[in-house]
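Reader: I am new to reading protein models, and I would like to go through one slowly. Could you show me how to read its features in turn?

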Amino acid sequence: MAKRRATSGALLGSSDETGLRETRVTENIEIAAGVFLLKYPRERDFLPGQVVGITVDRRIAPRYYSISSGKDEEFVDLLYDVVPGGELTPLLAALRGGDLLFVSPPSGAFLDGDEEGWWIATGTGIAPFVSMAKSGLGGRKHLVHGSRLASGLYYRKYFAAVLKERYVSCCTKEAGDGIFSGRLTAWLGQQEDLPTSGRFLLCGSAEMVVDVRDLLIARGVPFGNISSEIYF
Ligand SMILES: Cc1cc2nc3c(=O)[nH]c(=O)nc-3n(C[C@H](O)[C@H](O)[C@H](O)COP(=O)(O)OP(=O)(O)OC[C@H]3O[C@@H](n4cnc5c(N)ncnc54)[C@H](O)[C@@H]3O)c2cc1C
């Protein structure tokens with residue numbers, strides 16, 4: 001991709017000793033109350049499940065976000081919620097197309113193959129699984145996604161179409177067609193035929209990750225078959 005000159009005088013696409021590279025926001029859309037999908041041009045390769053650190057100002061430490069776009073897509077997508085009173089996310093929410101963004105190289109080892117397995121997420125923790133599915137790893141996966149409200153079941157239509165009956169959505173505060181009423185741990189607890197082989201990837205809140213890990217281990221899933229990414 002051709003490099004363009006940024007207003008600061010640095011070359012867009014070049015990175016400094018911190019590894020942060022300047023890019024421009026393509027778009028930043030509020031897809032649900034307080035939840036945004038940020039898009040910028042993909043200039044580096046990544047593995048589905050990896051994260052990038054981003055910031056709007058070099059004086060503010062980058063925060064990590066899972067990439068939610070496919071590995072071959074032209075743009076990188078990041079799905080984030082605004083933390084009220086947070087240092088970075090209110091500034092991210094104010095970004096418009098063309099604004100400057102600082103992006104680290106992709107990193108992280110929350111990766112998967114295309115073998116049969118389970119993806120389990122709460123809230124924006126769905127992001128790495130979107131990337132994996134869009135990169136062709138969803139063919140033999142089961143996905144369980146939990147949220148308080150149905151509006152928090154991001155990518156619901158996409159996963160319902162791609163994974164079909166292997167996609168389960170759970171809501172604790174709202175009822176809806178095809179949505180399990182309750183926590184995803186309650187849904188998992190009701191499944192008598194949960195396999196003990198295959199990998200389980202968990203992503204989202206610490207509470208969910210700990211609860212699901214305990215449940216799986218109690219069911220006989222070896223600890224080594226469980227990988228987790230906690231958003232904090
Ligand atoms: C590996 C990794 C991947 C991540 N991927 C994503 C992602 O894809 N999408 C995403 O939205 N976030 C993700 N996060 C969380 C993200 O990095 C930031 O922590 C979050 O966006 C808060 O940024 P902030 O600067 O606005 O708040 P901060 O100023 O950092 O935090 C302010 C306060 O809010 C608390 N806090 C932080 N996050 C939350 C939250 N979600 N809800 C309530 N309180 C919170 C902090 O503990 C702190 O006390 C990820 C974190 C990690 C470690």
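The dialogue below goes from the whole chain to its sheets and then to the ligand.

Author: Please keep in mind that this is a predicted model, in which local features need pLDDT of at least 70 and side-chain atom pairs count only at pLDDT 80 or more, while totals for chains, interfaces and linings use all residues. Residues are numbered from 1 along each chain as its sequence is written.

Reader: How many helices and strands does the secondary structure of the chain come to?

Author: Helices (H or I, at least four residues) and strands (E, at least two) are DSSP runs, numbered from the N terminus. The chain has five helices and 13 strands. Its radius of gyration, taken over C-alpha atoms, is 18 Å, close to the 17 Å of the globule rule (2.2 Å times the number of residues to the power 0.38) for 232 residues, so the chain is as compact as a globular protein of that length. The C-alpha trace spans about 60 × 35 × 30 Å along its principal axes.

Reader: What share of the residues is buried?

Author: A residue is buried if 20 or more other C-beta atoms, placed from the backbone, lie within 10 Å of its own. Buried residues make up 36% of the 232 residues. Contacts (C-beta atoms, placed from the backbone, within 7 Å) tell us about the fold in another way: among those between residues at least 6 apart in sequence, 64% join residues at least 24 apart.

Reader: In what order do the six strands of the open sheet stand, and is the pairing parallel or antiparallel?

Author: Strands of a sheet pair through backbone hydrogen bonds, either parallel or antiparallel. Here, two strands pair if DSSP finds at least two bridges between them. The six strands follow the order S11-S10-S9-S8-S12-S13, and their pairing is parallel. Strand S11 (179-181) and strand S13 (226-230) each have a single partner strand and stand at the edges, so one side of each is left without a neighbour in the sheet. Neighbouring strands are turned by 20 degrees against each other on average, direction ignored, where axes are lines fitted to C-alpha atoms, for helices over the stretch in contact, and angles run from 0 to 180 degrees between N-to-C directions.

Reader: Which helix lies across S9 and S10?

Author: Helix H3 (residues 156-163) does, running at about 150 degrees to S10.

Reader: Which strands form the open sheet of four?

Author: That sheet has the order S1-S7-S4-S5, with antiparallel pairing. S1 and S5 stand at its edges with a single partner strand each, so one side of each has no neighbour in the sheet. Strand S1 (residues 21-24) pairs with strand S7 (residues 100-103) over four bridges, and Arg 24 stands opposite Leu 100 in S7. Four bridges also join S4 to S5, where Ser 66 in S5 is the bridge partner of Val 51.

Reader: How many residues surround the ligand, and which are the closest?

Author: A residue is near a molecule if its C-beta atom, placed from the backbone, lies within 6 Å of it. The ligand is surrounded by 18 residues, and the closest are Tyr 80, Gly 86, Glu 87, Leu 88 and Thr 89. Strand S5 (63-66) and strand S6 (75-81) are the elements that give two or more residues to this shell, and S5 gives the most, with four residues.

Definitions and conventions
A residue is buried if 20 or more other C-beta atoms lie within 10 Å of its own, exposed if 12 or fewer, and partly exposed in between; C-beta atoms are placed from the backbone. Two residues are in contact if their C-beta atoms, placed from the backbone, lie within 7 Å.
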